[in-house]
Amino acid sequence: HLDGVVAVGPGLEFAPSYVPDVLTGRLIPPLLGYMKKSEPYGTIDDPVERVKHLSGYSFPLHALPQIMDLADAVRRDVGGFDTPILFIHARDDTVTTLDGSKDLFEEITSPKEFVVLEQGDHIVFRDFDHKKAIDAVLRFRNSTAR
């Protein structure tokens with residue numbers, strides 16, 4: 001039994017949202033294999049933290065269909081979810097969309113909380129609002145601990 005779940009910038013809908021999923025995740029990426037990142041730390045806005053972050057120089061695009069299948073399964077099964085959940089998402093996330101998280105959040109009937117970070121990008125625990133994110137996790141953990 002889980003005491004709670006923290007979903008940080010979950011991959012439920014990938015940015016940019018105006019490009020169809022079939023194009024971005026299910027059709028083109030598996031054909032490409034890997035995509036070289038222009039910067040291995042590109043999803044952190046804070047310039048001080050950005051240079052400290054270690055990341056690979058490529059992204060395994062062939063894994064995107066599996067990630068999207070998992071997101072679809074989460075959306076399908078959300079009605080049977082009874083564990084408290086905390087969503088944390090940066091407003092300007094360039095990897096996954098805030099709207100995708102909000103849509104799922106609205107469907108969840110278990111105890112829930114949503115924290116929107118006004119500053120930063122996808123790697124929230126290394127970015128400008130990291131203290132707000134950490135405080136939210138600690139507060140949530142204290143409220144769900146048995």
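How many helices and strands are there in the protein?

**Figure 1. Overall fold of the predicted model.** The protein holds five helices and five strands, where helices (H or I, at least four residues) and strands (E, at least two) are DSSP runs, numbered from the N terminus. Read from the N terminus, the order of the elements is β-α-β-α-β-α-β-α-β-α. Of the 146 residues, 35% are buried; buried means under 20% relative accessible area, exposed over 50%, and partly exposed in between (1.4 Å probe, protein chains only). The accessible surface is about 8,700 Å², with 57% belonging to carbon and sulfur atoms; accessible areas come from the Shrake-Rupley method with a 1.4 Å probe, and for residues only the protein chains shown count as cover. Among contacts with a separation of 6 or more, 76% are between residues 24 or more positions apart, a contact being heavy atoms within 4.5 Å. This is a predicted model in which local features need pLDDT of at least 70 and side-chain atom pairs count only at pLDDT 80 or more, while totals for chains, interfaces and linings use all residues. Residues are numbered from 1 along each chain as its sequence is written, and side-chain values use heavy atoms, with hydrogens and water left out.

**Figure 2. Salt-bridge network of Glu49, Lys52 and Arg126.** These three residues are linked in a network of salt bridges, each defined as a side-chain nitrogen of Lys or Arg within 4 Å of a carboxyl oxygen of Asp or Glu. By this rule, the count is five salt bridges. Lysine 52 pairs with glutamate 49, with 3.2 Å between the closest N and O atoms. Both residues belong to helix H2 (residues 47–52) and are three residues apart, about one turn of the helix. Glutamate 49 also meets the side chain of arginine 126 in a salt bridge at 3.1 Å, N to O. That pair links distant parts of the chain, 77 residues apart: arginine 126 is in the loop between strand E5 (112–117) and helix H5 (130–144), and glutamate 49 is in helix H2. Glutamate 49 is buried at 16% relative accessible area, whereas lysine 52 is partly exposed at 48% and arginine 126 is partly exposed at 25%.

**Figure 3. Salt bridge between glutamate 118 and arginine 91.** The closest N and O atoms of this pair are 2.8 Å apart. Glutamate 118 lies in the loop between E5 and H5, and arginine 91 in the loop between strand E4 (85–90) and helix H4 (98–107), 27 residues apart. Both side chains belong to partly exposed residues, glutamate 118 at 44% relative accessible area and arginine 91 at 39%.

Figure 4. A search of the whole structure finds three aromatic pairs; rings of Phe, Tyr and Trp (its six-membered ring) pair if their centres lie within 6.5 Å, and planes under 30 degrees apart count as stacked, over 60 as edge-to-face and the rest as tilted. Phenylalanine 87 and phenylalanine 105 are edge-to-face, because their ring centres are 5.7 Å apart and their planes stand at 90 degrees. Phenylalanine 87 is in strand E4 and phenylalanine 105 in helix H4, 18 residues apart. Both phenylalanine 87 and phenylalanine 105 are buried. Phenylalanine 87 and phenylalanine 114 are stacked, with centres 5.6 Å apart and planes at 5 degrees. Since phenylalanine 114 lies in strand E5 and phenylalanine 87 in strand E4, the pair ties together parts 27 residues apart in sequence.
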